[in-house]
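The structure comes before the text.

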Amino acid sequence: MSTGAAVPFAQWQARLSAECLRLAQIRGAVALAETSSTQDAPETRAARPGTLVTAWRQTAGRGRFGRNWADTGTEGVAASFVVPAQPGERLALIGAVAAADACEVALGAGQRDAVGIKWPNDTVVDGRKLAGVLIERRGDVAVVGIGINVSQERFEGELSRRATSLAMLGARVDRIDVLAALMRALDAALTATDDDLVARFHARDALRGTRALFATPDGPVEGEVVSIDPMHGLMVRTDTGERFLPAASTSVAEWGGVRLRSR
Ligand code: BTN
């Protein structure tokens, strides 16, 4: 990946269009100069399946559960990809695997084994979040939104303990190169079988073997994650025994990222 002067926005569209020519699933890409959220841009709402929309500057990115995505001006990658509607668990896996693979490419050989996935689809390194995925269903299509922290040198407040960026991990990379890596990774993940996606999830699973607090319809559940089937749910060892938590109704409320035992 190039590390020289930043590729200007004027070159983004040509670069993205050239990338699309090499890909089977991503058939078009739109580069916006600025938008509040690539999920909500009119270009995304009007896009046909197979279209990726990105922005040089995203000003009010949205995360899961109505949270904000902490964009810092032009220091990250923000992309929304429109696909035909399909099961949310599969799309979550596609987003998770593609984001993690793209981060791994950006980080280079030295940190290959470091990139993990915190179920369902956060990309993490040493327990800190490097990328996030937001899946939204809209009638016949779904929008897979992916944000990657690229050139932030630090995060403020609460995020200073929980977030990281490619730059903070030592990778000085241009955002357009990270985007290109993400497009290639997404393209490959979209054609992978469920079994292949699950296997690739397990190879990066950062939650198994750690303690976490889960939000469930029956209230909070805390325990050690024994196993994860990303298509169905998690088995958690609590103080009162093992419990199965369905993927569809469970979310991670608190996680320190500390592995309790070697796997
Ligand atoms: C999360 O981890 O909570 C999901 C974060 C998703 C952020 C991306 S950035 C591109 C797209 N546009 C948005 O407003 N959100 C997603």
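β9 and β10 form a hairpin with 3 residues between them. The model is predicted; local features need pLDDT of at least 70, side-chain atom pairs count only at pLDDT 80 or more, and totals for chains, interfaces and linings use all residues. Residues are numbered from 1 along each chain as its sequence is written, and side-chain values use heavy atoms, with hydrogens and water left out.

**Strands**

Strands here are DSSP runs of E with at least two residues, and helices are runs of H or I with at least four, numbered from the N terminus. Two strands pair if DSSP finds at least two bridges between them. β9 (residues 221–229) and β10 (residues 233–238) run antiparallel. They are joined by 5 bridges. V225 stands opposite V236 in β10.

β9 also pairs with β8 (residues 210–215), again antiparallel, through 4 bridges. L213 has E222 of β9 as its bridge partner. The hairpin of β8 and β9 has 5 residues between the strands. In this hairpin, G219 takes a positive phi near 105°.

**Helix α5**

α5 covers residues 175–190, 16 residues in total. Its first and last C-alpha atoms lie 22 Å apart, close to the 22 Å expected at 1.5 Å a residue. The expected span is 1.5 Å times one less than the number of residues. In α5, 14 of the 16 residues are buried (under 20% relative accessible area, with exposed over 50% and partly exposed in between, for a 1.4 Å probe and protein chains only). At the helix start, a side-chain oxygen of D174 comes to within 3.0 Å of the backbone nitrogen of I176.

T51 lies in strand β2. T51 is buried, with a relative accessible area of 14%. T51 and A185 are 134 residues apart along the chain, and their C-alpha atoms are separated by 15 Å.

**Cavity and pockets**

The search uses a 1 Å grid over the protein atoms alone. A cavity is a set of points where a 1.4 Å probe fits but cannot get out. A pocket is an open set with protein on both sides within 12 Å along at least five of seven lines. Lining residues have an atom within 4 Å of a point. Points are joined across faces, edges and corners, and a volume is the space filled by probe spheres set on the points.

The whole structure holds 1 cavity of 30 Å³ or more. The largest cavity has a volume of about 80 Å³. Its lining has 16 residues, and D71, G73, G76, V77 and A78 are the closest to its centre. β2 (51–58), β3 (76–84) and β7 (141–149) each give two or more residues to this lining. β2 gives the most, with 4 residues.

| Space | Volume | Lining by class |
|---|---|---|
| Largest pocket | about 920 Å³ | 17 nonpolar, 14 polar, 9 charged residues |
| Second largest pocket | about 420 Å³ | 11 nonpolar, 5 polar, 2 charged residues |

Ala, Val, Leu, Ile, Met, Phe, Trp, Tyr, Cys and Pro count as nonpolar, Asp, Glu, Lys and Arg as charged, and the others, Gly among them, as polar.

For the second largest pocket, R64, G88, A92, P120 and A247 are the closest to the centre, of 18 lining residues. α3 (88–107) gives the largest share of that lining, 4 residues.

Methods
Polar contact = N/O pair within 3.5 Å; in protein donor to acceptor, adjacent residues only side chain to side chain.
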